[in-house]
Amino acid sequence: MYAGRASRQEKNLRKELEIMSHIHIAFNHVNFSYEKSAPILQDITFTAHEHDSIGLIGANGVGKSTLLKLLVGLNLNYEGSIRIEEIPVAKETLPKIREKIGYVFQDSDSQLFMPRVFDDVAFAPRNYGLPEEEVKKRVEKALAMTKIGHLKDKQIYKMSGGEKKLASIATILAMTPDIILMDEPSIALDPRNRRNLIHILNGFGHLKIIASHDLDLVLDTCSRVILMHEGRIIQDGGAKEILSDKELLESHGLELPFCMQGQSG
Ligand SMILES: Nc1ncnc2c1ncn2[C@@H]1O[C@H](COP(=O)(O)OP(=O)(O)O)[C@@H](O)[C@H]1O
Ligand SMILES: [Mg+2]
(Lines give C-alpha, C1' and ligand atoms only; values in the text may rest on other atoms or scores of the structure.)
(Ligands and ions follow the chains in the order given, each with its own letter.)
Protein backbone atom coordinates (compact mmCIF):
# COMPACT_ATOMS: atom_id res chain seq x y z
CA MET A 1 0.00 0.00 0.00
CA TYR A 2 2.81 2.35 0.95
CA ALA A 3 4.61 1.49 -2.28
CA GLY A 4 1.42 2.29 -4.21
CA ARG A 5 1.21 5.73 -2.64
CA ALA A 6 4.90 6.38 -3.32
CA SER A 7 4.49 5.59 -6.97
CA ARG A 8 1.46 7.87 -7.18
CA GLN A 9 3.55 10.61 -5.63
CA GLU A 10 6.27 9.86 -8.10
CA LYS A 11 3.81 10.03 -10.95
CA ASN A 12 2.53 13.38 -9.74
CA LEU A 13 6.06 14.67 -9.43
CA ARG A 14 6.88 13.46 -12.93
CA LYS A 15 3.74 15.16 -14.24
CA GLU A 16 4.69 18.39 -12.48
CA LEU A 17 8.22 18.27 -13.86
CA GLU A 18 6.83 17.67 -17.33
CA ILE A 19 4.57 20.70 -17.05
CA MET A 20 7.50 22.77 -15.76
CA SER A 21 9.72 21.74 -18.66
CA HIS A 22 7.18 23.23 -21.05
CA ILE A 23 7.18 26.55 -19.25
CA HIS A 24 9.08 28.85 -21.54
CA ILE A 25 8.58 32.12 -19.72
CA ALA A 26 8.09 32.67 -16.02
CA PHE A 27 7.62 36.09 -14.41
CA ASN A 28 7.52 36.01 -10.65
CA HIS A 29 6.54 39.12 -8.68
CA VAL A 30 8.38 41.45 -11.02
CA ASN A 31 8.59 45.16 -10.26
CA PHE A 32 10.33 47.66 -12.45
CA SER A 33 10.77 51.42 -12.72
CA TYR A 34 12.81 53.60 -15.03
CA GLU A 35 13.08 56.27 -12.35
CA LYS A 36 12.94 55.49 -8.66
CA SER A 37 9.98 57.73 -7.90
CA ALA A 38 7.70 56.24 -10.59
CA PRO A 39 6.97 52.50 -10.49
CA ILE A 40 6.08 51.21 -13.97
CA LEU A 41 5.55 47.44 -13.68
CA GLN A 42 4.07 46.20 -10.45
CA ASP A 43 3.97 42.64 -9.17
CA ILE A 44 3.87 40.98 -12.59
CA THR A 45 3.45 37.20 -12.29
CA PHE A 46 2.58 34.82 -15.13
CA THR A 47 3.90 31.80 -16.96
CA ALA A 48 3.76 31.04 -20.67
CA HIS A 49 4.10 27.65 -22.30
CA GLU A 50 5.56 26.26 -25.48
CA HIS A 51 2.55 26.70 -27.77
CA ASP A 52 0.86 29.69 -26.13
CA SER A 53 -0.21 32.59 -28.31
CA ILE A 54 -0.66 35.58 -26.06
CA GLY A 55 -2.01 39.02 -26.85
CA LEU A 56 -0.67 41.64 -24.44
CA ILE A 57 -3.19 44.44 -24.41
CA GLY A 58 -3.85 47.68 -22.54
CA ALA A 59 -4.10 51.41 -23.15
CA ASN A 60 -1.12 53.61 -24.00
CA GLY A 61 1.53 53.69 -21.30
CA VAL A 62 0.36 50.70 -19.24
CA GLY A 63 3.76 49.00 -19.63
CA LYS A 64 3.39 46.52 -22.52
CA SER A 65 6.60 47.53 -24.28
CA THR A 66 8.43 47.71 -20.97
CA LEU A 67 7.40 44.15 -20.16
CA LEU A 68 8.64 42.85 -23.52
CA LYS A 69 11.90 44.77 -23.12
CA LEU A 70 12.50 43.14 -19.74
CA LEU A 71 12.07 39.74 -21.40
CA VAL A 72 14.89 40.36 -23.85
CA GLY A 73 17.10 41.92 -21.21
CA LEU A 74 16.97 45.51 -22.42
CA ASN A 75 16.44 46.62 -18.83
CA LEU A 76 18.11 44.44 -16.26
CA ASN A 77 17.53 46.29 -13.00
CA TYR A 78 14.17 44.71 -12.22
CA GLU A 79 13.03 43.18 -8.92
CA GLY A 80 11.67 39.64 -8.74
CA SER A 81 12.48 36.87 -11.16
CA ILE A 82 12.21 36.46 -14.93
CA ARG A 83 13.18 33.12 -16.46
CA ILE A 84 13.25 31.98 -20.06
CA GLU A 85 13.36 28.20 -20.35
CA GLU A 86 14.66 28.10 -16.76
CA ILE A 87 17.45 30.62 -17.47
CA PRO A 88 17.27 33.81 -15.40
CA VAL A 89 17.37 36.98 -17.49
CA ALA A 90 20.64 38.61 -16.41
CA LYS A 91 23.68 40.22 -17.99
CA GLU A 92 25.65 36.95 -18.17
CA THR A 93 22.82 35.02 -19.82
CA LEU A 94 21.86 37.56 -22.49
CA PRO A 95 23.54 35.87 -25.48
CA LYS A 96 21.73 32.62 -24.66
CA ILE A 97 18.40 34.34 -24.03
CA ARG A 98 18.57 36.34 -27.26
CA GLU A 99 19.30 33.20 -29.25
CA LYS A 100 15.94 31.83 -28.12
CA ILE A 101 13.90 34.95 -28.75
CA GLY A 102 12.95 36.80 -31.91
CA TYR A 103 11.90 40.30 -30.90
CA VAL A 104 10.28 42.93 -33.10
CA PHE A 105 10.64 46.42 -31.60
CA GLN A 106 7.70 48.83 -31.54
CA ASP A 107 9.97 51.37 -33.20
CA SER A 108 11.56 49.91 -36.38
CA ASP A 109 14.37 52.45 -36.30
CA SER A 110 15.63 50.79 -33.10
CA GLN A 111 15.65 47.44 -34.88
CA LEU A 112 17.23 48.14 -38.24
CA PHE A 113 20.80 49.33 -38.27
CA MET A 114 22.41 48.10 -41.50
CA PRO A 115 22.28 50.30 -44.60
CA ARG A 116 20.42 47.79 -46.80
CA VAL A 117 17.47 45.48 -46.14
CA PHE A 118 19.34 42.36 -47.26
CA ASP A 119 22.20 42.94 -44.81
CA ASP A 120 19.86 43.66 -41.94
CA VAL A 121 17.92 40.44 -42.45
CA ALA A 122 21.22 38.57 -42.99
CA PHE A 123 22.80 40.01 -39.85
CA ALA A 124 21.62 37.44 -37.30
CA PRO A 125 22.21 34.33 -39.46
CA ARG A 126 25.70 35.63 -40.37
CA ASN A 127 26.39 36.44 -36.76
CA TYR A 128 25.34 32.90 -35.88
CA GLY A 129 28.12 31.68 -38.16
CA LEU A 130 25.97 30.12 -40.89
CA PRO A 131 27.59 29.65 -44.32
CA GLU A 132 26.82 32.47 -46.78
CA GLU A 133 24.84 30.13 -49.03
CA GLU A 134 22.49 29.25 -46.14
CA VAL A 135 22.33 32.91 -45.10
CA LYS A 136 21.18 33.86 -48.59
CA LYS A 137 18.55 31.12 -48.62
CA ARG A 138 17.15 32.24 -45.28
CA VAL A 139 17.10 35.91 -46.20
CA GLU A 140 15.28 35.20 -49.44
CA LYS A 141 12.74 33.02 -47.66
CA ALA A 142 12.13 35.69 -44.97
CA LEU A 143 11.75 38.41 -47.61
CA ALA A 144 9.35 36.23 -49.60
CA MET A 145 7.26 35.51 -46.48
CA THR A 146 6.94 39.21 -45.75
CA LYS A 147 6.48 39.95 -49.48
CA ILE A 148 9.32 42.46 -49.65
CA GLY A 149 11.71 40.59 -51.98
CA HIS A 150 11.66 43.64 -54.26
CA LEU A 151 13.09 45.78 -51.45
CA LYS A 152 16.16 43.68 -50.74
CA ASP A 153 18.66 46.25 -52.05
CA LYS A 154 16.75 49.27 -50.81
CA GLN A 155 18.37 51.61 -48.34
CA ILE A 156 16.57 51.49 -45.03
CA TYR A 157 16.40 55.26 -44.59
CA LYS A 158 14.46 55.55 -47.83
CA MET A 159 11.72 53.15 -46.75
CA SER A 160 8.25 53.90 -45.42
CA GLY A 161 7.17 53.01 -41.87
CA GLY A 162 5.25 49.96 -43.09
CA GLU A 163 8.15 48.73 -45.23
CA LYS A 164 10.48 49.07 -42.25
CA LYS A 165 8.05 47.11 -40.09
CA LEU A 166 8.01 44.29 -42.63
CA ALA A 167 11.82 44.33 -42.81
CA SER A 168 11.94 44.12 -38.99
CA ILE A 169 9.62 41.12 -39.06
CA ALA A 170 11.80 39.52 -41.75
CA THR A 171 14.88 39.85 -39.51
CA ILE A 172 13.35 37.48 -36.99
CA LEU A 173 11.93 35.09 -39.61
CA ALA A 174 15.47 34.54 -40.89
CA MET A 175 16.25 32.81 -37.60
CA THR A 176 14.30 30.00 -35.98
CA PRO A 177 13.54 31.34 -32.52
CA ASP A 178 11.72 29.30 -29.85
CA ILE A 179 9.78 32.39 -28.85
CA ILE A 180 8.65 35.43 -30.78
CA LEU A 181 7.76 38.75 -29.22
CA MET A 182 6.22 41.44 -31.36
CA ASP A 183 5.53 44.95 -30.18
CA GLU A 184 2.73 46.62 -32.17
CA PRO A 185 3.55 44.61 -35.32
CA SER A 186 0.59 45.85 -37.38
CA ILE A 187 1.35 49.55 -36.88
CA ALA A 188 1.77 51.22 -40.29
CA LEU A 189 0.79 48.12 -42.28
CA ASP A 190 -1.80 48.40 -45.04
CA PRO A 191 -4.71 45.91 -44.98
CA ARG A 192 -3.05 43.44 -47.35
CA ASN A 193 0.23 43.36 -45.41
CA ARG A 194 -1.66 43.20 -42.15
CA ARG A 195 -3.54 40.14 -43.43
CA ASN A 196 -0.25 38.57 -44.46
CA LEU A 197 1.16 39.28 -40.99
CA ILE A 198 -1.78 37.40 -39.45
CA HIS A 199 -1.00 34.50 -41.79
CA ILE A 200 2.69 34.53 -40.75
CA LEU A 201 1.82 34.68 -37.06
CA ASN A 202 -0.65 31.82 -37.34
CA GLY A 203 1.99 29.76 -39.14
CA PHE A 204 4.36 30.08 -36.18
CA GLY A 205 3.53 27.20 -33.84
CA HIS A 206 5.79 28.11 -30.94
CA LEU A 207 5.27 30.56 -28.13
CA LYS A 208 4.41 34.09 -29.21
CA ILE A 209 3.52 37.23 -27.34
CA ILE A 210 2.06 40.11 -29.30
CA ALA A 211 1.65 43.50 -27.69
CA SER A 212 -0.94 45.41 -29.67
CA HIS A 213 -3.71 47.96 -29.76
CA ASP A 214 -5.05 46.10 -32.76
CA LEU A 215 -7.51 43.90 -30.91
CA ASP A 216 -8.82 42.38 -34.15
CA LEU A 217 -5.30 41.17 -34.91
CA VAL A 218 -5.04 39.78 -31.38
CA LEU A 219 -8.35 38.01 -31.79
CA ASP A 220 -7.19 36.48 -35.10
CA THR A 221 -3.82 35.28 -33.80
CA CYS A 222 -4.00 34.67 -30.05
CA SER A 223 -5.86 32.21 -27.87
CA ARG A 224 -4.89 33.91 -24.63
CA VAL A 225 -4.97 37.56 -23.57
CA ILE A 226 -3.19 39.38 -20.79
CA LEU A 227 -4.84 42.72 -20.03
CA MET A 228 -2.68 45.33 -18.34
CA HIS A 229 -3.59 48.53 -16.59
CA GLU A 230 -1.24 50.97 -14.84
CA GLY A 231 1.62 48.49 -14.74
CA ARG A 232 -0.36 45.55 -13.43
CA ILE A 233 -1.97 42.48 -14.90
CA ILE A 234 -5.74 42.91 -14.55
CA GLN A 235 -6.92 39.78 -16.38
CA ASP A 236 -5.24 36.73 -17.89
CA GLY A 237 -7.53 34.36 -19.76
CA GLY A 238 -9.15 33.22 -23.00
CA ALA A 239 -8.87 35.71 -25.86
CA LYS A 240 -12.48 35.36 -27.00
CA GLU A 241 -13.79 35.81 -23.49
CA ILE A 242 -11.74 38.90 -22.66
CA LEU A 243 -12.06 40.52 -26.09
CA SER A 244 -15.83 40.25 -26.04
CA ASP A 245 -16.14 41.81 -22.57
CA LYS A 246 -17.14 45.36 -23.52
CA GLU A 247 -17.35 46.60 -19.95
CA LEU A 248 -13.96 45.18 -18.98
CA LEU A 249 -12.27 46.64 -22.06
CA GLU A 250 -13.93 50.04 -21.77
CA SER A 251 -13.14 50.40 -18.10
CA HIS A 252 -9.46 49.97 -19.02
CA GLY A 253 -9.32 52.45 -21.88
CA LEU A 254 -9.97 49.99 -24.74
CA GLU A 255 -12.82 49.19 -27.08
CA LEU A 256 -14.27 45.99 -28.48
CA PRO A 257 -12.50 44.67 -31.59
CA PHE A 258 -14.16 46.12 -34.72
CA CYS A 259 -15.44 42.73 -35.74
CA MET A 260 -17.40 42.54 -32.49
CA GLN A 261 -18.85 46.03 -32.53
CA GLY A 262 -22.47 46.15 -33.49
CA GLN A 263 -22.95 42.56 -32.44
CA SER A 264 -24.41 43.34 -29.04
CA GLY A 265 -27.85 42.09 -28.39
N1 LIG B 1 13.01 55.15 -21.13
C2 LIG B 1 12.03 55.55 -20.32
N3 LIG B 1 12.28 56.35 -19.26
C4 LIG B 1 11.28 56.74 -18.42
N5 LIG B 1 10.00 56.36 -18.54
C6 LIG B 1 9.70 55.56 -19.57
C7 LIG B 1 10.68 55.10 -20.51
N8 LIG B 1 10.08 54.29 -21.42
C9 LIG B 1 8.78 54.25 -21.06
N10 LIG B 1 8.55 55.00 -19.96
C11 LIG B 1 7.25 55.14 -19.29
O12 LIG B 1 6.82 53.86 -18.88
C13 LIG B 1 5.41 53.74 -19.01
C14 LIG B 1 5.09 52.51 -19.79
O15 LIG B 1 5.54 52.67 -21.11
P16 LIG B 1 5.42 51.54 -22.21
O17 LIG B 1 5.94 50.27 -21.66
O18 LIG B 1 6.07 52.06 -23.44
O19 LIG B 1 3.83 51.43 -22.37
P20 LIG B 1 2.94 50.80 -23.53
O21 LIG B 1 3.85 50.00 -24.40
O22 LIG B 1 1.93 49.98 -22.82
O23 LIG B 1 2.30 51.94 -24.26
C24 LIG B 1 4.93 55.04 -19.63
O25 LIG B 1 4.42 55.86 -18.59
C26 LIG B 1 6.18 55.65 -20.21
O27 LIG B 1 6.10 57.04 -20.22
MG1 LIG C 1 4.26 50.09 -26.42
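Start by selecting Asp183, which stands opposite Ala211 in strand E8; strands here are DSSP runs of E with at least two residues, helices are runs of H or I with at least four, and both are numbered from the N terminus. Before going on, note that this is a predicted model: local features need pLDDT of at least 70, side-chain atom pairs count only at pLDDT 80 or more, and totals for chains, interfaces and linings use all residues. Residues are numbered from 1 along each chain as its sequence is written, while chains are lettered from A and ligands numbered from 1 in the order in which they are written.

**Strand E7 and its partners**

Now select residues 179-183, strand E7. Five bridges would be the thing to look for on one side: E7 and strand E8 (residues 207-211) run parallel and are joined by 5 bridges. Two strands count as paired if DSSP finds at least two bridges between them.

Is E7 enclosed or open? 5 of its 5 residues are buried, so the strand is largely enclosed by the rest of the structure. Buried means that 20 or more other C-beta atoms lie within 10 Å of the residue's own, exposed means 12 or fewer, and partly exposed is in between, with C-beta atoms placed from the backbone. Show the side chains: Ile179, Leu181 and Asp183 point one way, Ile180 and Met182 the other.

**The open sheet**

Next, colour the 4 strands that form an open antiparallel sheet in the order E2-E1-E4-E5. Strands E2 (41-49) and E5 (87-88) stand at the edges with a single partner strand each, so one side of each has no neighbour in the sheet. Zoom in on E4 (residues 79-84), joined to E5 by 2 bridges, and find Arg83 opposite Pro88.

**Zooming out**

Along its principal axes, the C-alpha trace spans about 70 × 50 × 40 Å. Buried residues make up 37% of the 265 residues.
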